[in-house]
Amino acid sequence: MKKQPLAISAPAQNLQRLLVVRGFFILAVCAALIFCHWQLQLPLNYSSMLFIISGLTLINVFAFIQLRFYPYPSTTTVFTQLIIEITGISLLLFYVGGADNPFVSYFLVPLCIAAAILPWRLVWPLILFSLSLYTALFFYRIPLPDIAPHHNHGGGISLHTTGMWFNFLLSVSLITFFIVRMAAALRHQTETLNRLKEDRLRDEQILAVASLAAGTAHELGTPLTTIKTLLNEIQSEYQNDSNLSDDIQLLQSQVAHCTDTLHNLKTHADLTQNMKKHSEDVAHYCHQLIDNWLLLHPETEASIAIDSSSPDIQAYFHPSISQAIVNLLNNASEANPVGIEIHAHWNHEKLSITIKDQGLGISDQLLSQLGAPLVSEKGSGRGLGLFLTKATLERHHGSLQLTNHPTGGCLASLSLPLTRHHD
């Protein structure tokens, strides 16, 4: 299979187009100079102009080579190339009449490119720079009578040339203003579309995992029933063996918990499918969620602070939110089951929960990548749980932040808007 080339970035594409435009400009200037020398026989400083063209050509070739090895140029690089473009145009115009040359309007080309691809803070310096050079060409130039306006009395600045300058000023102001606005709108639209594509891809991944979980829950029902039946028979047969009886009771409690979990999963799925939303007390929700988690992790030592001063309000919590919070608690327990600090508080707008563990923390490299699928420092987790947690919270307009605490360990901070419904 043929390997597909890597897609280049937008700045690289813009720089590449700018270099192509410069290449055509150089060819056009060379053709014009040949025509002026052989056909019109104009007395121009051809050697100096060829030196400028050679310099622009070398810069263009070097920029193409650099773009080949460094395909992610910054906006500063594009800005610098546009400065070089405007400077080269000004030097060439200096030898062919300056502001009297009708091709002085070519100043608009790099400015239009800048307005389309650069931020506003970099466009204005280019406008002022080109306008300054345009103005300087009124006074610093090698006159070329063959192309000068005929109404140039006394060798001064003609009204025609002055009108061209004001026309340039008006054109560059209007063009730049509208192009910058349109480019910003297009960039915003592109970012919105990319974000929608990412959300759609994330939803497809979540749906795939949810479908797998639903199928797994359905398949576990029969084995759990079989195990429960066999444990009851074994308990009846070995009821006189106290040691074995204790182990059997422990197994029965674990099987019962698994059965209850599957039943709750089915109940939540039915409620979600039927669009039934039941509100519950926020304080009770937090207590019940943490208590159920501690029952499954008896070895965990955690200090729990649920703010009693928070208002008594009823809110609706989607079933997937509980699992998202439990995933964060499980990560904290796996990092270090001792010394976990859990704090929950809320107001009428949102619920905030912080979970701090006493683990080793997260490396800076992985910290910037966590929340993406298959990214984890654990050998078996593969980061899927954290990816689903982050995706679930964002789906319900919440947020999740992971940071390394100054005193050690990882601090997970989640924020979730409270949605209140009436039964």
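# Report on a predicted chain of helices and strands

At 62% relative accessibility, glutamine 41 counts as exposed. This residue is found in the loop that joins helix H1 (10–40) to helix H2 (46–69). Although glutamine 41 is not a glycine, its phi is positive, at about 55°. The model in which these values were computed is a predicted one.

The place of histidine 397 is in the loop between helix H11 (384–395) and strand E6. Histidine 397 is exposed, because its relative accessible area of 67% lies over the 50% cut-off.

## The chain as a whole

The secondary structure of the chain comes to 11 helices and seven strands. Of the 423 residues in the chain, 34% are buried. Among contacts with a separation of 6 or more, residues 24 or more positions apart account for 72%.

## The sheet

Five strands form an open sheet with mixed pairing, in the order E2-E4-E5-E7-E6. Strand E2 (301–306) and strand E6 stand at the edges with a single partner strand each, so one side of each has no neighbour in the sheet. On average, neighbouring strands of this sheet are turned by 15° against each other, direction ignored. In general, the strands of a sheet pair through backbone hydrogen bonds, in either a parallel or an antiparallel manner.

| Pair of strands | Residues of the strands | Sense | Bridges | A bridge pair |
|---|---|---|---|---|
| E5 and E7 | 350–356 (E5) | antiparallel | seven | leucine 351 with leucine 416 |
| E6 and E7 | 399–404 (E6), 410–417 (E7) | antiparallel | six | threonine 403 with leucine 411 |

Helix H8 (residues 282–296) touches E2, strand E4 (338–346) and E5, and its direction makes about 165° with that of E4. Helix H9 (residues 319–335) touches E4, E5, E6 and E7, and the direction of H9 makes about 20° with that of E5.

## Two helices side by side

Helix H3 (residues 75–94) and helix H5 (residues 120–139) have axes that come within 10 Å and cross at roughly 10°. This crossing angle makes H3 roughly parallel to H5, because angles under 35 degrees count as roughly parallel. The residues of this contact divide into 12 nonpolar, four polar and one charged. On the side of H3, the residues that meet H5 include Phe79, Leu82, Ile83 and Ile86. On the side of H5, the residues that meet H3 include Leu122, Leu126, Phe129 and Leu133, and Arg121 is also among them.

## Two residues of helix H6

Valine 180 and arginine 187 both belong to helix H6, as the following values show for each in turn.

Is valine 180 buried or exposed? At 8% relative accessibility, valine 180 counts as buried, because buried means under 20%. Not counting residues up to four places away in sequence, valine 180 touches Ala115, Trp120 and Val123. The C-alpha atoms of valine 180 and isoleucine 117 are separated by 8.3 Å, while the two residues are 63 residues apart along the chain.

Arginine 187 lies in helix H6 (residues 159–237). Arginine 187 is partly exposed, with a relative accessible area of 34%. Leaving aside its neighbours within four places in sequence, arginine 187 is in contact with Ala116, Ile117 and Leu118. Arginine 187 and isoleucine 117 are 70 residues apart along the chain, and their C-alpha atoms are separated by 9.5 Å.

## Cysteines

How many disulfides does the count give? The count comes to zero disulfides, where a disulfide would require a pair of cysteine sulfur atoms within 2.5 Å. Cysteine 36 is buried, with a relative accessible area of 15%. Cysteine 286 also counts as buried, at 3% relative accessibility.

Terms used: Residues are numbered from 1 along each chain as its sequence is written. This is a predicted model: local features need pLDDT of at least 70, side-chain atom pairs count only at pLDDT 80 or more; totals for chains, interfaces and linings use all residues. Side-chain values use heavy atoms; hydrogens and water are left out. Axes are lines fitted to C-alpha atoms, for helices over the stretch in contact, and angles run from 0 to 180 degrees between N-to-C directions. Helices (H or I, at least four residues) and strands (E, at least two) are DSSP runs, numbered from the N terminus. Angles under 35 degrees count as roughly parallel, over 145 as roughly antiparallel, 65 to 115 as roughly perpendicular and the rest as oblique. Contact means heavy atoms within 4.5 Å. Ala, Val, Leu, Ile, Met, Phe, Trp, Tyr, Cys and Pro count as nonpolar, Asp, Glu, Lys and Arg as charged, and the others, Gly among them, as polar. Two strands pair if DSSP finds at least two bridges between them. Buried means under 20% relative accessible area, exposed over 50%, partly exposed in between (1.4 Å probe, protein chains only).
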